[in-house]
Amino acid sequence: MQQHATSQLSAIQKTCRVMATLSDPRINRLTDIAQNAGLDVSTALRILKELEAESFVERDPQTKQYVLGPQVYAMHHAMVHGLSVRDLARPALIRLARRFGDTVILSVPMGWESVCVDLCFGDYPIRANYLDVGSRRPLGVGAGSLALLAAMPATDQAALLPVVHEHLAQRYPSYSRRRMAQEVRRAQQLGHAMLLDVVVGKMGGLGVAVRGPGGRPIAALSVAALSERIAEREDELGQALRAEARDIECAWMPAQ
């Protein structure tokens, strides 16, 4: 009877059951999730994989346990606190633009792209004004976009890079896969991404990822300016952006 009842559930209802089950942190293994959701193991596994791909669920590679992902925390904040990463980051953009005099950008990851969702101009006369709110770039192209890519788990990178490379060859032929890989490694080592003379000649940027509760990047802060202005202030820019990113992460974290 239970199997018949379960077969009558829609895909959305089954997904909702899995999500509701995960609200109990004690239920975190596949067999327990399936049992509590009233689903067979293969169905529960398929749903969990799809939810993980969309960042609604995360799986610890060592313990094999599942937990709710950053998208759920984002929805929680949107519902309870009316917060968004754009709202939280806006003061940081203003402070950074005033301090350094250059364009400060907030980007978020969407699939294989990064999207500019906010920016603030400084008072330096030569502006990096080649990016608007809503502009999209392949991940890894631009400092903020590179910071997002570098902060992603290796599994996410492997899934997204084939599409990124395809668009890279079409739109940025001088920016090779090899150089992108080198820049990703450098960003991971330093904690910030710097990219010069790729999107626009003699212009560059420095970016830092903002991470969600599960460690995945939910946004990036970046400063764009003349390449020489970025290179000569790399350490100072990196420290300032990391400090602002950590403040945003603390405000974003759910109440414990």
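How many salt bridges does a search of the whole structure find?

1. The search finds 13 salt bridges, a salt bridge being a side-chain nitrogen of Lys or Arg within 4 Å of a carboxyl oxygen of Asp or Glu. The model is predicted: local features need pLDDT of at least 70, side-chain atom pairs count only at pLDDT 80 or more, and totals for chains, interfaces and linings use all residues. Residues are numbered from 1 along each chain as its sequence is written, and side-chain values use heavy atoms, with hydrogens and water left out.

2. One of the salt bridges joins R90 to D118, with 3.0 Å between the closest N and O atoms. The pair links distant parts of the chain, 28 residues apart: R90 belongs to helix α6 (residues 85-100) and D118 to strand β4 (residues 113-120). Helices (H or I, at least four residues) and strands (E, at least two) are DSSP runs, numbered from the N terminus. R90 is partly exposed at a relative accessible area of 30%, whereas D118 is buried at 3%. Here buried means under 20% relative accessible area, exposed over 50%, and partly exposed in between (1.4 Å probe, protein chains only).

3. Helix α6 also holds R95, which pairs with E244 of helix α11 (residues 234-252) across 149 residues of sequence. E244 is buried, with 10% relative accessibility, and R95 is partly exposed, with 45%.

4. R216 and D156 form a salt bridge with an N to O distance of 3.0 Å. R216 sits in the loop between β7 (203-211) and β8 (217-226), and D156 in helix α8 (residues 154-171), so the contact ties together parts 60 residues apart in sequence. R216 is buried at a relative accessible area of 14%, while D156 is partly exposed at 23%. Through salt bridges that share partners, E58, D156 and R216 are joined into one network.

5. What is the volume of the largest cavity? The value is about 230 Å³, and the count is one cavity of 30 Å³ or more. On a 1 Å grid over the protein atoms alone, a cavity is a set of points where a 1.4 Å probe fits but cannot get out; lining residues have an atom within 4 Å of a point. Grid points are joined across faces, edges and corners, and a volume is the space filled by probe spheres set on the points.

6. The largest cavity is lined by 27 residues, of which R137, G142, A143, G144 and V199 are the closest to its centre. At least two lining residues come from each of β3 (103-110), β4, β5 (136-138), α7 (143-151), β6 (193-196), β7 and β8. By class, the lining has 15 nonpolar, nine polar and three charged residues. Ala, Val, Leu, Ile, Met, Phe, Trp, Tyr, Cys and Pro count as nonpolar, Asp, Glu, Lys and Arg as charged, and the others, Gly among them, as polar.

7. On cysteines, the search of the whole structure finds zero disulfides, a disulfide being a pair of cysteine sulfur atoms within 2.5 Å. For C116, the nearest cysteine sulfur is that of C120, 12 Å away. C116 is buried at 2% relative accessibility, and C120 is buried at 12%.

How values were computed:
On a 1 Å grid over the protein atoms alone, a cavity is a set of points where a 1.4 Å probe fits but cannot get out, and a pocket is an open set with protein on both sides within 12 Å along at least five of seven lines; lining residues have an atom within 4 Å of a point.
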